[in-house]
Amino acid sequence: MAAFPSALSLAAAAAAAILVSSSALAAQTDPGDDVAFHVVGQVVDIATGAPVQGARVSVAASEWMSLTNREGRFILPGLDPGLHSLTVEQLGYRTLVAQVQAVEETPPLRLAIQPDPILLEGLEVVGRRFERRRRATGTSVREFNQHELARSSSPSAAEMLEERIPVQRTVCSDGGFECVFSRGGRIRPVVCIDETPMIDGWNALAAYRPQDFYMMEVHGRGGLVRAYTHFFMERAARIRFLPAAVGSC
């Protein structure tokens, strides 16, 4: 395995990358102007320079957020002029905070984030364990990874599955819960979020956006759905999590 740069050199390089990207943003804007600006940029791995897909770029004290595409690029539209604090987060990397001025003709930013080699290795270990479990099941299993989920335009995880599988929903015969059609009959789907079974599983998925999950597994036409949040996968990677047995949460 290639050696990673020291934490000190990585931090210095990250700071330099931010300063170089934002040095041209020093122009002042009249705070009374009723204008807004777009901030665009790219998130890259500081060790390799490779683009980082699916990174979350958010603006402090606001609801503005963007996810990077496969080229690591993002856009934050309609920002008020002035100084903003951007936070860049991606599982397997250390969080980066950058101060950026939003001004007219803001040049593209280049935000370099530092990998966490221990966490990345843990994600690989846990990912192989999930893959072995999928292969051991007796039914077809569709996996949605973090990049597919990040690109989804569906308003909820439930609606995304209805579009992509497709899942045919119906009301259960005993009422109150959501069922799905499977092999000509109605079944109440088993939905596990972070290895925890949900009482009314399909409606639980409707409360999440696809981007809230790092990974989703769908067995058959939705009889069993497993979904894993970014927070859960970070903890799983650190402890080398062993998934539950086939057919259960």
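A pocket, as the word is used here, is an open set of points on a 1 Å grid over the protein atoms alone, with protein on both sides within 12 Å along at least five of seven lines, and its lining residues have an atom within 4 Å of a point. In this predicted model, the largest pocket is lined by 24 residues. The protein chain has six helices and 15 strands. Of its 249 residues, 45% are buried. Among contacts in the chain with a separation of 6 or more, 58% are between residues 24 or more positions apart.

**Largest pocket**

- The space in the largest pocket comes to about 430 Å³.
- Of the 24 lining residues, those nearest the centre of the pocket are Arg 56, Glu 89, Gln 90, Leu 91 and His 230.
- Two or more lining residues come from each of strand E3 (65-67), helix H3 (146-151) and H6.
- H6 supplies the largest share of the lining, with four residues.

**Helix H2 and its cover**

- Which residues of H2 are buried? They are Leu 119, Gly 122, Leu 123, Val 125, Val 126, Phe 130, Arg 133 and Arg 134.
- An α-helix has 3.6 residues a turn, so residues three or four places apart point the same way.
- The cover over the buried residues of H2 includes the strands E8 (141-144), E14 (213-219) and E15 (224-229), together with helix H6 (230-239).

**Loop between H2 and E8**

- Thr 137 is located in the loop that lies between H2 and E8.
- The relative accessibility of Thr 137 is 15%, and the residue counts as buried because the cut-off is under 20%.
- Neighbours within four places in sequence aside, Thr 137 makes contact with His 219 and Val 246.

- E8 and E14 run antiparallel and are joined by four bridges. In this pairing, Arg 142 is opposite Val 218 of E14.
- E14 and E15 also run antiparallel, with six bridges between them. Met 216 has Ala 227 in E15 as its bridge partner.
- A hairpin is formed by E14 and E15, with four residues between the two strands. Gly 220, in the turn of this hairpin, has a positive phi of about 60 degrees.

- Strand E1 (residues 37-45) is mostly covered, with seven of its nine residues buried.
- E1 is joined by five bridges to strand E4 (residues 73-79), and the two run antiparallel. Gly 41 has Phe 74 as its bridge partner in E4.
- E1 is also joined by five bridges to strand E7 (residues 109-113), but these two run parallel. Here Val 43 is opposite Leu 111 of E7.
- Leu 109 is a residue of strand E7, and at 3% relative accessibility Leu 109 counts as buried.
- The C-alpha atoms of Leu 109 and Arg 73 are 9.5 Å apart in space, while the two residues are 36 residues apart in sequence.

**Disulfide**

- How many disulfides does the structure hold? The structure holds one.
- A disulfide is a covalent bond between the sulfur atoms of two cysteines.
- The cysteines are Cys 172 and Cys 179, and their sulfur atoms are 1.8 Å apart.
- The torsion about the S-S bond of Cys 172 and Cys 179 is about 105 degrees, so the disulfide is right-handed.
- Cys 172 is buried at a relative accessible area of 4%, and Cys 179 counts as buried at 4% relative accessibility.

Conventions. Residues numbered from 1 in each chain as written. Predicted model: local features only at pLDDT ≥ 70, side-chain atom pairs only at ≥ 80, totals over all residues. Heavy atoms only, no water. Buried < 20%, exposed > 50% of the residue type's maximum accessible area, 1.4 Å probe, protein only. Contact = heavy atoms within 4.5 Å. Pairing = 2+ DSSP bridges. Disulfide = S-S within 2.5 Å. 1 Å grid on protein atoms, 1.4 Å probe; cavity = no way out; pocket = protein on both sides within 12 Å on 5 of 7 lines; lining within 4 Å. Points joined across faces, edges and corners; volume = space filled by probe spheres on them.
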